[in-house]
Amino acid sequence: MSWIHRRPEYVVAVIFVTAMFMNILDTTIVNVALPVIAQQFGVQATEAEWVVLGYLMSLAVWIPASGWIGDRFGTKRTFLMALGVFTVASGLCGLATGLHSLVAFRVLQGVGGGMMAPVGTAMLFRAFPPERRANAARVLIIPTVVAPALGPVLGGFIVDTLSWHWVFLVNVPVGLAAFAFGAYSLKEHREPRVGRFDFPGFLLAGSGLSMLLYALSSGPVVGWSKPSVALAGVLGLLAAVTFVWNELRVKAPMLKLRLLKDRLFRNTNIASAFGSASFVGLLFLMPIYLQSARHESAFASGLTTFPEALGVLVSSQLVGRLYPRVGPRRLIAFGLFFVSVSVTLVALVGLQSSLWVLRALMFTTGASIAFLFISQQAATFARISSADTGHASAIFNAQRQLAAALGVALMATVLSSFLGRGGAHASGMEQLPAFRVAFLVDAGVALLGVFAALAIRDEDALSTMRRGPASAPSGEAAVMH
């Protein structure tokens with residue numbers, strides 16, 4: 001165990017990957033179990049959706065506050081507390097005897113999940129020096145890309161062979177092991193000058209983001225004109241605008257939005273938002289297309305989607321080696337362009353085409369999106385100081401969560417609009433044009449990300465690239481206060 005003391009950054013990486021794999025996997029694996037949960041509790045499918053919505057809205061409340069909490073109470077203590085809450089709540093979810101208790105435990109689970117991602121990301125980037133951020137990004141790619149693709153496959157297997165309870169209970173032994181290892185090996189980090197807790201910012205950020213996520217998740221299902229959805233969307237936008245105004249005027253904001261004045265941090269976040277929206281939108285569309293239009297089983301659908309994760313893992317090794325020489329600008333633009341090309345080809349595939357054609361295209365999409373994920377995770381924090389890493393990580397994770405919700409909402413809205421009255425009851429040939437439009441819109445979102453990527457400047461990320469006389473220091477001087 002001497003490597004724990006020699007390479008502490010790898011300790012952080014192992015614990016972070018384990019915890020985040022559980023966290024991200026939980027957002028997709030539960031979707032497979034929803035029909036069974038609704039049937040067992042004798043409720044409508046729309047009511048069972050609160051198992052997902054409650055978790056997402058809880059995430060939204062705690063992601064913005066995570067940076068301040070980690071800096072104030074220590075990242076080790078905060079991360080372990082979040083991991084412990086997530087693990088205990090997972091066990092309670094697995095033991096739930098009714099829908100209301102299950103939703104309540106999912107909300108509790110979201111408290112832990114909402115703080116784990118930003119605090120863990122901050123720990124990881126503080127542990128890895130700027131010139132090794134590409135290596136850290138190759139670690140981050142495992143939970144952020146593999147877990148969403150593995151969720152439907154693993155979820156279908158667990159539900160079919162065991163029961164929906166094990167969708168949650170499987171987290172308990174893994175969480176306990178990660179907690180014990182983290183308590184033994186992680187080092188504490190606390191910022192000396194944190195400032196007072198921005199309670200108005202906490203309320204505005206939590207309420208605004210959670211209402212926006214509710215509207216984006218419910219709108220495509222029940223209709224955007226439904227009063228509860230429209231009201232949540234309007235109030236969420238108002239809260240978001242008020243939050244920005246509040247954060248720019250207070251001395252110690254909940255989120256240091258002034259960090260977005262930094263050109264590299266701002267532009268990589270914008271490119272990341274387009275990439276996340278397109279990527280998650282595709283993962284949403286593909287299983288519906290396979291099961292509804294092509295009448296494939298849930299398991300076959302999961303196996304057809306999963307090659308995307310394999311493409312990411314294979315390509316990430318190449319990108320990690322190219323990044324120090326090429327830089328983020330061209331790699332991100334290249335990756336998003338070929339994501340757009342791959343998804344466009346998906347739209348042109350016929351119903352009678354072999355599933356291996358779709359699997360090959362999903363592999364290609366994954367191999368392309370790795371150019372974005374590796375590069376933007378390596379470059380985003382290049383000019384952010386250690387003191388501001390917690391705030392920057394919270395902004396980055398909030399952006400990614402909102403972008404993913406926007407991507408799903410956009411694809412779902414486009415699909416439902418073009419399916420018409422027949423909807424899912426129409427034949428595969430009748431549904432195909434609607435799916436083609438939705439896939440093309442998804443490709444268009446990725447293409448917009450190419451233009452955002454071209455605004456990135458490689459010279460801003462020199463500290464994360466190859467060491468040499470041109471390398472800049474870690475970027476403390478570039479921090480915006």
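Reader: Which residue follows H10, and what is its phi?

Author: H10 is followed by Gly 223, whose phi is positive, near 105°. This is a predicted model, in which local features need pLDDT of at least 70 and side-chain atom pairs count only at pLDDT 80 or more, while totals for chains, interfaces and linings use all residues. Residues are numbered from 1 along each chain as its sequence is written, and side-chain values use heavy atoms, with hydrogens and water left out.

Reader: What makes H10 a helix, and how does its reach compare with the span expected?

Author: A helix is a DSSP run of H or I with at least four residues (strands are E runs of at least two), numbered from the N terminus, and H10, residues 199-222, has 24 residues.

Reader: Why is the contact between Asp 388 and Lys 256 called a salt bridge?

Author: The term asks for a side-chain nitrogen of Lys or Arg within 4 Å of a carboxyl oxygen of Asp or Glu, and the closest N and O atoms of Asp 388 and Lys 256 are 2.7 Å apart, so the pair meets the rule. Asp 388 lies in the loop between helix H16 (355-379) and helix H17 (389-419), and Lys 256 in the loop between helix H11 (227-249) and helix H12 (263-293), so the pair ties together parts that are 132 residues apart in sequence.

Reader: How do you know whether Asp 388 and Lys 256 are buried or partly exposed?

Author: Buried means under 20% relative accessible area, exposed over 50%, and partly exposed in between, with a 1.4 Å probe and protein chains only. Asp 388, at 0%, is therefore buried, whereas Lys 256, at 24%, is partly exposed.

Reader: Which residues are linked in a network of salt bridges, and how close are the paired atoms?

Author: The network links Asp 262, Arg 263, Arg 383 and Asp 460. Arg 383 forms a salt bridge with Asp 262, with the closest N and O atoms 2.7 Å apart, and Arg 263 forms one with Asp 460, where that distance is 2.8 Å. Arg 263 is in helix H12 and Asp 460 in the segment after H18, 197 residues apart. By the rule for salt bridges, the count comes to four.

Technical notes:
The expected span of a helix is 1.5 Å times one less than its number of residues.
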